[in-house]
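Please examine the sequence and the structure shown below. The paragraphs that follow lead through them step by step.

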Amino acid sequence: MSIYRSPIFRRIGANFAVMCYMVSVQVFAAEKRVIILGFDGVDPGIVSDMMTSGELPNLKKLSEQGVFTPLGSSNPPQSPTAWSSFATSKHPGSHGIYDFLVRNPKTYIPGVGFGTVQKPVLNADGSFKTPPAFNNIRKGRTFWKVASNEGVRAKVLSVPFSFPADTLEEGCMISGLGVPDLRGTTSTFFLMSEGYIKSGGLSGGRKIPLDFSSGMATVEVEGIQIPNSRPRKFVSVPISLQVDRNARRVVIDLPEKSLELDEGTWSPWVEWTFDISAQEQAHAISRFHILSAGDEVRLYMTCLQYDPRKQYIEMTSPPEYGQELFDRYGFFKTIGWIYDTHALRQGGLTEDLFLDDIQKTMSWRETLTLDEIDAGDFELLISAWTGTDRVGHMFWHHRDKEHPMFTEEGHSMYGEAVNDTYRNMDRTVGEVMERLEEDDLLMIVSDHGFHSFRKGFNVNTWLIRNGYLAVLGQKDTGSAFNNKTFLRGYDWKNSKAYSIGLGSIFLNLKGREGQGTVSEKQSKKLIVEIRGKLLKVTDP
């Protein structure tokens, strides 16, 4: 983590411990207002270099007024883990978030590492017996909730992994990263194309074939899952598309309106209503982009996001805050995974479209933050951005000449993409600094730094080669191979350890795992053994 501190930070002393997530309630009593700005995945080394070169004048000024220092991240240094530590003042062993993934020990099947959507249960008449909810597996209260309970007026804006929104005694909150789409996934986009023969899954999305006859095609947009359907079935809404290939234009006929869109343009926000039953409905919003409308028609549609006025699961506190934001700005993105990295990887978005979306979305969140500061009536304000991290993941190879995906052409076009998001960050910081009042405390923090990712190490393959993980039907540890997803295809009765996520290793413990083989007595020795061997691994 990185932190910038104004001179008044010195008054706080031990109340604000070494890690910035160790905030205690005493902080708020000591100062007039506390403003914390969080930027995901910002590297202190790049910040230092850009401050020296004069590219981040506001951060440079702030560092000269206060303190700039790199801090340690969480262990492991992953976003869900670090932001959960920030929110709760707890280490991972206490709050329970270790990775983007978590596994069911009994079945070995992995799932989302920070929570899951609980589907509604219906009464006989179709009304909700139990409404939909989100089970956040993070333990511990957030420091802003503790502060709010003590009478602190708080505004919490888009902090990652803060869903569902906390009920604040005074103030408002909108959840950030962690808010699912209407389908209950992190984010499922839709890609419609004449190039597809049949519908199916893409990584992070759904592909929908377009079959035009006399210039007309009809498709089904799958929304929310039908409760208790086995196998899973979704409530669908039919839409029709008319194409004028000469004009490179598509007309999309929706249930309540039609959209006429030229190639390369975005639609306005579209409202969707999915009938869960005769009594209950789910509401969503999305947008279309016409990728091509000539020889091959291709359309991208964003994931189905919560309608802020009629939230499927509450993502704002109070719930009316969603309506208030709509009244101010109209529709806006409500999905937690706010930048569609999946679609960029799958060709649903171009790099230019992605970067344009980064700039506009970061700007919108800046507007929201500045408006809430200008409105006043708070003692604690926290606002966070994730665009810095997403551009780092998707565009770092354009700046790293040692990266296997580096090209001179890509570097000339996108080599400054990462630095540009840092410049956007600096502009936001400057706007906030202009609004500071005497004795305000301003902090800028990040959850982890960044570096190039040039090669990977497959932990499960290493476990196979070293005899700790067995593959069904394959006895030779030197050649055994498994490419099945979701930890399928392993011989658990002959396995001692396995890995999920970004490197977490679990022992196949008796009494905990469904087919455990390792006793409690053997576990400590096995941990030491695996650790020792891993520390001796060298890059071949």
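**A guided reading of the model**

Arg-248 lies in the loop between β16 and β17 (249-253); here helices (H or I, at least four residues) and strands (E, at least two) are DSSP runs, numbered from the N terminus. The phi angle of Arg-248 is near 50 degrees, a positive value in a residue other than glycine. With a relative accessible area of 37%, Arg-248 is partly exposed. The terms are used as follows: buried means under 20% relative accessible area, exposed means over 50%, and partly exposed lies in between (1.4 Å probe, protein chains only).

The model is a predicted one, in which local features need pLDDT of at least 70 and side-chain atom pairs count only at pLDDT 80 or more, while totals for chains, interfaces and linings use all residues. Residues are numbered from 1 along each chain as its sequence is written, and side-chain values use heavy atoms, with hydrogens and water left out.

A second residue with a positive phi is Tyr-108, where the angle is near 70 degrees, again in a residue other than glycine. Tyr-108 is placed in the loop between β4 (101-103) and β5 (110-112). Its relative accessible area is 2%, so Tyr-108 is buried.

We now turn to the protein as a whole. It has 14 helices and 28 strands. Its C-alpha atoms fill a box of roughly 70 × 65 × 60 Å, taken along the principal axes. For 540 residues, a compact globule would have a radius of gyration near 24 Å, and the 25 Å of the protein agrees with this; the radius is taken over C-alpha atoms, and the globule rule is 2.2 Å times the number of residues to the power 0.38. Of the 540 residues, 52% count as buried. The accessible surface comes to about 24700 Å², of which 49% belongs to carbon and sulfur atoms; such areas come from the Shrake-Rupley method with a 1.4 Å probe, and for residues only the protein chains shown count as cover. Among contacts between residues at least 6 apart in sequence, 59% join residues at least 24 apart, where contact means heavy atoms within 4.5 Å.

The interior comes next. A nonpolar core is a set of buried Ala, Val, Leu, Ile, Met, Phe, Trp, Tyr and Cys residues joined through side-chain atoms within 4.5 Å. The largest such core has 47 residues, and those with the most contacts inside it are Met-192, Ile-239, Ile-252, Trp-272, Phe-288 and Leu-299. Strand β16 (residues 234-244) supplies the largest share of this core, five residues. Leaving aside neighbours within four places in sequence, Ile-239 has contacts that include Met-192, Ile-252, Trp-272 and Phe-288. A second, separate core of 44 residues includes Ile-35, Met-51, Ala-417 and Tyr-422.

Ala-417 lies in helix α12. At 7% relative accessibility, Ala-417 counts as buried. Apart from residues up to four places away in sequence, Ala-417 touches Leu-355, Val-391 and Phe-395. Ala-417 and Thr-388 are 29 residues apart in sequence, yet 9.5 Å apart in space, C-alpha to C-alpha. Thr-421 also lies in helix α12 (residues 417-434), and it is buried, with a relative accessible area of 3%. When neighbours within four places in sequence are left aside, Thr-421 is in contact with Ile-358, Met-362, Gly-387, Thr-388 and Val-391.

At 15% relative accessibility, Phe-212 counts as buried. Beyond its neighbours within four places in sequence, Phe-212 is in contact with residues including Glu-194, Leu-241 and Val-297. Phe-212 and Glu-194 are 18 residues apart in sequence and 8.1 Å apart in space, C-alpha to C-alpha.

Helix α4 (residues 79-88) is mostly covered, with 10 of its 10 residues buried. What covers them includes β2 (34-39), α5 (92-95), α6 (143-149), β25 (380-385) and β26 (441-445). After α4 comes Ser-89, whose phi is positive, near 65 degrees. In the loop between β3 (67-70) and α4 lies Pro-76, which is joined to Asn-75 by a cis peptide bond with omega of about 5 degrees. Another cis peptide bond joins Phe-163 and Pro-164, with omega of about 0 degrees; Pro-164 lies in the loop between β10 (154-157) and β11 (171-174).
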